[in-house]
Amino acid sequence: MKVLHVAPLNVAGVPYSMMDMQRRFGAHTRLVTLHQNDFGFPEDICLCLPLPRNTLARWWRASKRWRLSPLHRSSQSVDSSLPVRSAANPIERLYFRLDDKMRGRTVHHTIRKFHLDEFEIIHYDGGADFFRDSRLAKEWKGQGKKIICHYMGSDLRVRGIDPVMDSLSDLNLTNESDHLLRHRNINYIFIPFDVSSYDVRGGENDRLRIVHSPTNRSMKGTELIIPEMQEVMKARDVEFVLVEHTPHAEVLRIKQTCDLAIEQVGNLGGTGYGRNSLETLAMGIPTLTEMTPDYTAWLPENPFALATRDTLYHRLLDLIDSATLRNELKHRGRQWVEKYHSYQAVHDRLMELYREHHII
């Protein structure tokens with residue numbers, strides 16, 4: 001089985017983990033990323049296409065995120081709308097056409113160099129082709145290749161679907177529970193995570209260390225978390241460790257020195273957790289997060305300590321004051337990651353979906 005993964009970015013290392021998982025189970029797989037990630041996650045084949053990161057570009061991306069489909073700020077539920085991916089105005093449309101034209105030579109050179117047109121299954125992360133007009137996806141579909149669209153994070157909340165890619169797709173996948181409400185034909189799989197690479201922490205620090213490591217403050221509710229932690233530090237002798245703009249390897253080293261972790265509060269950009277929390281759970285670090293009620297009810301054997309911006313202070317005090325509670329969450333978290341997110345568990349489910357949808 002030959003599977004080609006195509007991703008705009010190796011976000012949080014998840015596209016690479018998908019490739020690595022399938023490779024370990026005998027598939028011939030490659031991952032092509034269009035842009036290089038900023039945090040030191042591994043790459044396979046990276047085109048290193050330019051990605052504007054100036055202030056205007058960041059504002060433009062942020063405005064699309066907040067304008068199109070934010071989660072309900074009340075955190076009572078999630079939006080079930082499905083945006084359609086398209087240029088917002090003539091200027092944006094012109095930019096997309098020019099960008100596609102400029103990347104053409106690099107894309108086709110890479111396809112020839114690595115024989116990418118020999119792959120049988122094309123797995124598009126974010127449901128996005130190399131080009132915005134989906135020209136390669138259409139060509140490969142016409143050749144009988146199977147097309148898979150895999151949506152992660154805010155893909156369907158913000159960018160939405162490309163109608164052409166959606167019509168070509170033989171199988172749609174997601175790692176986000178709220179995507180099940182947005183797309184009428186999509187299947188959930190857990191994020192694949194190599195649990196064996198992580199050791200459970202032994203003892204604890206005499207002065208407990210509480211880590212929060214957002215890649216995006218506005219998405220994780222960091223500005224809500226900081227003042228609560230300031231109040232906690234007045235009430236208890238603990239240390240708050242805020243980790244930002246740091247290579248992934250160093251983030252992991254810092255996490256290994258911590259006793260508690262905070263993923264997010266506010267439901268400002270996610271429904272509960274991602275790779276960040278899988279790392280802390282795998283290390284045996286009790287992890288606090290906020291989830292929408294829908295997700296809380298859906299997630300099996302929930303291993304998290306749940307909190308909102310209103311309850312975070314007291315939930316932290318509960319954990320700080322109870323070594324028994326911390327120890328219980330420590331073991332429950334590691335076991336949960338092994339059961340639901342291990343390469344074996346996710347691969348078994350993926351192969352099941354491949355067979356159901358006649359991918360293999």
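Predicted model: local features only at pLDDT ≥ 70, side-chain atom pairs only at ≥ 80, totals over all residues.
View 1. Strand S1 (residues 2–7) pairs in the parallel sense with strand S4 (residues 121–125), over four bridges. Two strands count as paired if DSSP finds at least two bridges between them; strands (E, at least two residues) and helices (H or I, at least four) are DSSP runs numbered from the N terminus.

**View 2. The seven-stranded open sheet.** The strands follow the order S3-S2-S1-S4-S5-S6-S7, with parallel pairing. Strands S3 (45–46) and S7 (187–188) form the edges; each has a single partner strand, so one side of each lacks a neighbour in the sheet.

**View 3. Helix H1 on its strands.** Helix H1 (residues 14–24) lies across S1, S2 (28–33), S4 and S5 (146–151), and runs at about 170° to S2. Contact means heavy atoms within 4.5 Å. Axes are lines fitted to C-alpha atoms, for helices over the stretch in contact, with angles from 0 to 180 degrees between N-to-C directions.

View 4. S8 (residues 209–212) and S10 (residues 260–262) run parallel and are joined by two bridges, with Val211 opposite Ala261 of S10.

**Notes.** Residues are numbered from 1 along each chain as its sequence is written. Local features need pLDDT of at least 70, side-chain atom pairs count only at pLDDT 80 or more, and totals for chains, interfaces and linings use all residues, while side-chain values use heavy atoms, leaving out hydrogens and water.
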